[in-house]
Amino acid sequence: MPCSIIVGAFWGDEGKGKIISYLALKDNLDFCVRTGSVNAAHTIWYEGKKYALHMVPAAFINPRTRLLVAAGANVHVGQFFKEMELTKADAKLVGIDQNASIIEQKHSDQDKASAVNKGIGTTGWGVGPALEERVRRTAKLAKDIPELKPFICDQVAEVNEGLDEGKSVLLEGTQGFMLSLFLSGGYPYVTGRDTGASAIASEAGVGPTRVDDVIVVFKSFITRVGAGPLPGEITKEEAQKRGWFEVAAGTGRERRSAPFDFDLAKKTAKINGATKGALTKLDIIYPSCRGARNYGDLPNEAKDFIKEVETRSGIPIVFIGTGPGALDLIDRR
Ligand code: IMP
Ligand code: MG
């Protein structure tokens, strides 16, 4: 897997952070490039500690992986430094592309003040207004921020040269495909950018022919925060009864939930050009799967569910999440 993209299948929070952190260790990644912005939190459980990262790539648990923030990303300076402290990432291994744009407090204020955005139920970080400013070409760029100087790099050149040398690169998508500004069909209840695989490659300056694998991350049930349709939505009480009720890692908001949607899985696999799939939180649907590391140890009903996901999405499920830890996973490759 020299170059892989991780993309969320639904409305975010599928467990991308967990899959990325597993691959960081297992495949000993050379590069991990975070795209998007501060609105998305990736949760990583490692050595008994929980990390919710909005800026630093989820591969930080491998102390030799080069951790990069993409040229197309949008950087929150305060949050970046907070996470550098939290993760104790080696500053020499962390880089921010010179041309990444900067998200500021004023963008968050504008986001929160906007009646339209309130109707959408944004995260309030201000990503929409920050991207507006970037498009107007009045945004600050990472290279303009003195505190970021030690981290400024040419991410695009580094990653393309790395690929020339056969190094492994993981492009870390954020949020989920159903929040895509262009492709989800959910406008205006979407985020401010395309969250699909092609856009993830584009933000990191990796041409489509250089990508070997697109890994779509499904969760065993679906959750959504903010407004907008959620087909098959169940009540909070029902979600609590089933053990599906979640609170957002980033904003503390309650997540809405619905059962797995096979038609949506097929759509997201196709439009993202997925080659492989991951299925997380199988242990929430089938508690006896908790902590399993071998496919053979799963009960038949769980295997039947996985087979149905494969048949109806058209892609093989190669990673199965069976618990929150980075290593609670069945790897079928
Ligand atoms: P914004 O991205 O803050 O503008 O919010 C737009 C919509 O995307 C809202 O419904 C948010 O709840 C949703 N959203 C943005 N980022 C994430 C994420 O990382 N996970 C889940 N939902 C998100
Ligand atoms: Mg999240």
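In this predicted model, an oxygen atom of ligand 1 lies 2.5 Å from an N or O atom in the side chain of threonine 191. The table sets out this and two further polar contacts (pairs of N or O atoms within 3.5 Å) of the ligand.

| Residue | Part of residue | Distance to an oxygen atom of ligand 1 |
|---|---|---|
| Threonine 191 | side-chain N or O | 2.5 Å |
| Threonine 123 | side-chain N or O | 2.7 Å |
| Valine 225 | backbone N or O | 3.1 Å |

Taken alone, ligand 1 exposes 470 Å², of which the protein buries 96%; areas come from the Shrake-Rupley method with a 1.4 Å probe. Around the ligand stand 15 residues, the closest being Asn39, Thr123, Gln175, Thr191 and Arg253; a residue is included if one of its heavy atoms lies within 4 Å. By class, this shell holds six nonpolar, seven polar and two charged residues.

The magnesium ion (ligand 2) is coordinated by Asp13 (OD) and Ala41 (O), at 2.0 to 2.4 Å. Donors are N, O and S atoms within 2.8 Å of the metal (3.2 Å for Na, K and Ca), and the site may look incomplete because water is not among the atoms. The two residues are 28 residues apart: aspartate 13 sits in the loop between strand 1 (3–8) and helix 1 (16–26), and alanine 41 in the loop between strand 2 (31–34) and strand 3 (42–46). Helices (H or I, at least four residues) and strands (E, at least two) are DSSP runs, numbered from the N terminus. Aspartate 13 is partly exposed, at 25% relative accessible area, whereas alanine 41 is buried, at 14%; buried means under 20%, exposed over 50% and partly exposed in between (1.4 Å probe, protein chains only).

Residues are numbered from 1 along each chain as its sequence is written, and chains are lettered from A and ligands numbered from 1 in the order in which they are written. Local features need pLDDT of at least 70, side-chain atom pairs count only at pLDDT 80 or more, and totals for chains, interfaces and linings use all residues, while side-chain values use heavy atoms, with hydrogens and water left out.

Note on methods: A polar contact is a pair of N or O atoms within 3.5 Å; within protein, one must be able to donate a hydrogen and the other to accept it, and residues adjacent in sequence count only if both atoms are side-chain atoms. Ala, Val, Leu, Ile, Met, Phe, Trp, Tyr, Cys and Pro count as nonpolar, Asp, Glu, Lys and Arg as charged, and the others, Gly among them, as polar.
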